[in-house]
Amino acid sequence: MAMASLFSPFPILVLILLSVSLQASASIQESFVQCLNFNSDRKFPFHTTIYTPNDASFTTILDSSAQNLRCLLPSAPKPEFIFTPFHDSHVQGAVICSKKLGIHLRVRSGGHDYEGISYVSEIETPFIVVDLVKLRGINVDIKSNTAWVQAGATMGEVYYRIYEKSSVHGFPAGLCTSLGVGGHITGGAYGTMMRKYGLGADNVLDAQIVDANGRILDRATMGEDLFWAIRGGGGGSFGILLWWKIKLVPVPPTVTVFTVTKTLEQGATKLLHRWQEVAPYIDENLFIRVIIQPFSGGNKTQRTITSSYNALYLGEARRLLQVMKTSFPELGLTRKDCQETSWIKSVLYIAGFPSDTPPEVLLKGKPTFKNFFKAKSDFVREPIPETGLEGLWQRLLIEDSPLMIWNPYGGRMSQFSESDIPFPHRNGTLYKIQYLSIWQDGDKNAAKHIDWIRKLYNYMTPYVSNFPREAYVNYRDLDLGINSKNSTSYIQASTWGYRYFKDNFNRLVKIKTKVDPENVFRHEQSIPPLPI
């Protein structure tokens with residue numbers, strides 16, 4: 001028996017299977033390159049744009065823009081290869097070839113998807129990733145107040161290129177400067193100017209996409225239904241975004257920022273209760289978000305909760321102080337708290353860069369936040385009572401590194417209809433909550449932290465929107481439900497579809513059925529087509 005075990009067939013079988021797997025991967029890659037050469041309008045050395053797990057740079061490229069380290073663990077499924085197209089025509093070729101060869105395709109512009117669905121497929125293998133990192137052109141035209149922006153550019157790059165041409169123009173999108181433009185706007189794209197100008201998606205004039213047949217379409221050729229769907233209907237369902245044409249908005253030469261932090265001992269509970277009554281109705285030039293987290297200070301044994309009121313006002317400090325004195329005197333804002341600056345410097349301030357950081361840092365496009373985390377979201381339509389807040393504090397204090405961010409709505413956001421674009425969280429919404437649990441020790445205690453955030457989410461049920469309990473598609477949460485492999489049912493998808501899109505979900509399904517009946521563009525929470 002001992003001799004027999006020495007010559008066990010299992011190691012040989014493993015080697016054979018590994019060899020077959022590597023050959024299959026290589027043959028998929030070769031077939032893909034041949035197909036690209038045949039279907040792309042530029043003859044190009046495609047081998048230089050494809051990275052397989054055998055390449056030394058594969059892991060670096062896979063990890064480069066991914067924000068959630070939870071999605072990069074060794075146990076997470078990895079693509080057969082990553083393709084980094086250099087031209088729009090290469091993206092066309094990728095769609096045509098993935099269809100021809102029957103390879104499932106994922107698309108990444110900035111890597112910020114909270115569940116990593118732009119570079120991880122839990123439901124379908126093999127798969128490839130088309131990474132738009134090389135497609136980051138930005139053409140700003142101040143004369144027409146517009147810009148054409150390629151999907152692989154980051155929001156920070158967009159803000160910088162606008163600032164380069166004008167100090168009195170901006171764009172109302174994300175606070176995080178390393179967000180990829182392509183995916184960010186497909187989910188709505190909110191930022192500090194949302195109460196003045198609405199979302200990024202509300203300020204899109206045109207787009208170019210590659211559809212399920214590999215055609216490049218603009219607004220005129222795609223039609224108004226599809227143009228409606230891509231502005232807030234979530235990424236990865238209708239095509240691959242190549243370009244957005246965005247409308248620039250005016251910003252004053254001087255804006256004012258401030259951060260005022262209060263602890264429980266300084267009356268944070270009553271103040272936050274008051275913020276709920278004020279922030280959605282205050283001057284639309286003022287955006288005051290609240291960042292809530294536990295704090296130990298010098299005394300490691302005694303934790304408290306801090307709430308930081310982090311704000312942008314589109315105007316000078318003198319006028320801001322008048323607004324605050326009238327509408328929110330409880331915060332006790334002083335001139336010393338206020339920092340007058342330019343709009344581009346306010347972008348850096350809100351993103352958390354040190355005060356002496358030059359705007360050129362925005363061109364680096366690197367994520368400043370890379371952690372293991374799990375996130376959820378809620379929308380609030382009635383102020384949470386103080387007793388509800390006190391219960392919330394108890395739950396935050398028992399978790400290692402939790403974070404909550406409350407973003408005020410109202411102003412321009414209330415003037416849009418729920419169906420103007422697929423993003424439905426409009427009039428009647430006081431604010432949005434983002435919940436995060438953050439950790440550093442890989443998958444060692446991941447279950448503990450995920451369990452904690454799920455329990456917190458359950459606790460918040462009576463205090464947030466219901467029927468449906470709304471959620472923000474750009475804070476994707478697979479706890480809400482997932483599609484099955486290429487056989488999604490409308491009923492199954494409705495469990496999360498109505499939370500993200502409310503009644504707009506039905507129109508999104510109809511459009512998907514019309515433009516992508518074969519479900520070429522699919523992922524764990526993509527819009528399903530109806531069976532034909």
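I take contact to mean heavy atoms within 4.5 Å. Thr387, Gly388, Gly391, Leu392, Arg395 and Leu396 of α13 meet Trp452, Leu456 and Tyr459 of α14. I sorted the residues of this contact by class and got five nonpolar, three polar and one charged.

Next I took the geometry of the pair. The axes of α13 (residues 386-397) and α14 (residues 446-459) come within 11 Å and cross at roughly 175 degrees. Angles over 145 degrees count as roughly antiparallel, and α13 and α14 are therefore roughly antiparallel to each other.

Confidence. I noted a mean pLDDT of 93 for the protein chain, with 94% of its residues at 70 or more. Residues 1-22 have pLDDT below 50, and beyond near neighbours in sequence I found one contact for this stretch in the model. Where pLDDT is low, the predicted coordinates should not be read in detail, so I left residues 1-22 aside, given their pLDDT below 50.

At what angle do the axes of α15 and α16 cross? For α15 (residues 490-501) and α16 (residues 504-515) I have roughly 125 degrees, with the axes coming within 8 Å. That makes α15 oblique to α16. The crossing in which α15 passes α16 is right-handed. On the α15 side I listed Tyr490, Ala493, Ser494, Trp496, Gly497, Tyr498 and Phe501; on the α16 side, Asn504, Phe505, Asn506, Leu508 and Val509. These residues divide into eight nonpolar, four polar and no charged.

Five-stranded sheet. I traced an open sheet in the order β5-β6-β10-β8-β9, with antiparallel pairing. β5 (138-141) and β9 (216-218) are the edge strands; each has a single partner strand, so one side of each is left without a neighbour in the sheet.

The bridge partner of Ala147 in β10 is Ile246.

I then looked for helices on this sheet. Helix α4 (residues 88-101) lies across β6, β8 (204-210), β9 and β10, and runs at about 140 degrees to β10. Helix α5 (residues 155-165) packs on the sheet too, touching β5, β6 and β10, and its direction makes about 35 degrees with that of β5.

Four-stranded sheet. I read the order of another open sheet as β1-β2-β4-β3, with mixed pairing. Which strands stand at the edges? They are β1 (50-51) and β3 (104-108), each with a single partner strand, so one side of each is left without a neighbour in the sheet. β3 and β4 (residues 127-131) pair in the parallel sense over five bridges. I noted Arg106 opposite Val129 in β4.

Pairings of β12. I followed β12 (residues 255-263) to two strands. With β15 (residues 339-341) the pairing is antiparallel over three bridges, and Val255 stands opposite Thr341 in β15. With β14 (residues 304-313), β12 is joined by eight bridges, and the two run antiparallel. Here I noted Ser308 in β14 as the bridge partner of Thr261.

Notes: Residues are numbered from 1 along each chain as its sequence is written. This is a predicted model: local features need pLDDT of at least 70, side-chain atom pairs count only at pLDDT 80 or more; totals for chains, interfaces and linings use all residues. Side-chain values use heavy atoms; hydrogens and water are left out. Axes are lines fitted to C-alpha atoms, for helices over the stretch in contact, and angles run from 0 to 180 degrees between N-to-C directions. Angles under 35 degrees count as roughly parallel, over 145 as roughly antiparallel, 65 to 115 as roughly perpendicular and the rest as oblique. A crossing is left-handed if the near helix is turned anticlockwise from the far one by less than a right angle, and right-handed if clockwise. Ala, Val, Leu, Ile, Met, Phe, Trp, Tyr, Cys and Pro count as nonpolar, Asp, Glu, Lys and Arg as charged, and the others, Gly among them, as polar. Two strands pair if DSSP finds at least two bridges between them. pLDDT is the predictor's confidence in each residue, from 0 to 100.
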